[in-house]
Amino acid sequence: MTKQLDIYEFSRLAAVSTATVSRAFAPNSKISDKTRQRVLTLAQQLNYAPNVHARRLAGERTGVIGVVFFNQQKFFDYFALELIREISLCAARLGYSILLEGPAPEEARAQVAERMLALVRGKAIDGLIILGCSYDAGEHEVLRLVSDFPAVVIGAGQPAAPLKPDVVCVDFCQGIRETLPALRLRKLPALLGAHSLEDSKLQTYLTLLREAGIIIPPERIGCCTPEDSSECAKQLLERGCDCLLCLTDRVGAAAIRRCRHAGRSIPGDVWVIGMDNLEFSAMLSPTLSTIAIPLAQLAETTLTRLTERIATPEAIGAVIELPTRYIARESTDQN
């Protein structure tokens, strides 16, 4: 088996210093593009890779960003998969790789938090992206423990109390408001897919609908898991609902299937509107109208803030909200 080159042997073959070799592998380091490319090309030819552990001992950056999910349900859903893809692509453009940590089945959140803290304390990563936060007391304590480490939280909304890490979240208001003119054409709209009546997206929807004069009583609010959403949609259809406002695209897809099984035409009898704009929403039959979350922008904003944090860890945290927009497709009759 061929012996792995160490940095001294490789730097001699590359005719550069060991410091230049280290900078060539470090994202955002001060080195010319020409020199970096020459070093990286030779490294590929010679199958050379830097010793990450040695770089940690030397206090250098690893070129790795940790991505941690607290919530098991969100970790395995379609939205998370597409968001992780966008984060990975954006990180690669910036010269980083990602290390993904999420809960195993039946694993307590505290165990995930402990693994996350081990990455931070062991300097295995340069920065941290935290997803699936509900901003409860336990998570605030974990976030406090990493407050001196470069970190960005991707949240469903703004936290009630200030956090030192940056928070990047989504503002659903604009996208929901864009649906309102069309919703006034429906007699019995319903909301579907909230985990509970306290769900933040549900409450935002209800508030904006109420401001527009559209009142949805409790019997037209379907609280359910994605797995139960088809049965919940069936119950709402039996109550005469003619527009199903779904809090995720996955629930929207289940609603379309249920309408088909019930013999209801879309959009003739019933409208269905999702939320997320995941790839499959444009592949359904009919295609799903949806409130689009800007996943690529969410990833880019998060990585931009994180790289700024890595460069200046002492910076004060900020809350950044990204707007949504409504995309009308075949599941609503708006042509």
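This is a predicted model: local features need pLDDT of at least 70, side-chain atom pairs count only at pLDDT 80 or more; totals for chains, interfaces and linings use all residues.
Helix α1 (residues 7-14) and helix α3 (residues 33-46) cross at roughly 120°, with their axes coming within 11 Å, and the crossing is right-handed. On the α1 side, the contact is made by Phe10, Leu13 and Ala14, which meet Arg38, Val39, Leu42, Ala43 and Leu46 in α3. Sorted by class, that makes 7 nonpolar residues, 1 charged and no polar ones. Helix α2 (residues 18-25) has Thr20, Val21, Ser22 and Ala24 as its buried residues, and α1 and α3 are among the elements that cover them.

Next come the cores. In soluble globular proteins, nonpolar side chains tend to be buried together. Here, the largest nonpolar core counts 51 residues, and Ile87, Ile129, Leu191, Tyr205, Leu209 and Leu245 have the most contacts inside it. Setting aside neighbours within four places in sequence, Ile129 touches a list of residues including Ile65, Val67, Ile87, Val152, Ile154 and Leu306. There is also a second, separate core of 19 residues, with Ala113, Leu119, Ala124 and Phe149 among them.

As for the sheet, 6 strands line up in the order β7-β6-β8-β9-β10-β12, giving an open sheet with mixed pairing. Strands β7 (221-223) and β12 (325-327) sit at the edges with a single partner strand each, so one side of each has no neighbour in the sheet. On average, neighbouring strands are turned by 20° against each other, direction ignored. Strand β6 (residues 189-194) runs parallel to β7, joined to it by 3 bridges; Ala194 stands opposite Cys223 in β7. Helix α9 (residues 173-183) lies across β8, β9, β10 and β12, at about 45° to β12.

Key. Residues are numbered from 1 along each chain as its sequence is written. Side-chain values use heavy atoms; hydrogens and water are left out. Axes are lines fitted to C-alpha atoms, for helices over the stretch in contact, and angles run from 0 to 180 degrees between N-to-C directions. Helices (H or I, at least four residues) and strands (E, at least two) are DSSP runs, numbered from the N terminus. A crossing is left-handed if the near helix is turned anticlockwise from the far one by less than a right angle, and right-handed if clockwise. Contact means heavy atoms within 4.5 Å. Ala, Val, Leu, Ile, Met, Phe, Trp, Tyr, Cys and Pro count as nonpolar, Asp, Glu, Lys and Arg as charged, and the others, Gly among them, as polar. A nonpolar core is a set of buried Ala, Val, Leu, Ile, Met, Phe, Trp, Tyr and Cys residues joined through side-chain atoms within 4.5 Å. Buried means under 20% relative accessible area, exposed over 50%, partly exposed in between (1.4 Å probe, protein chains only). Two strands pair if DSSP finds at least two bridges between them.
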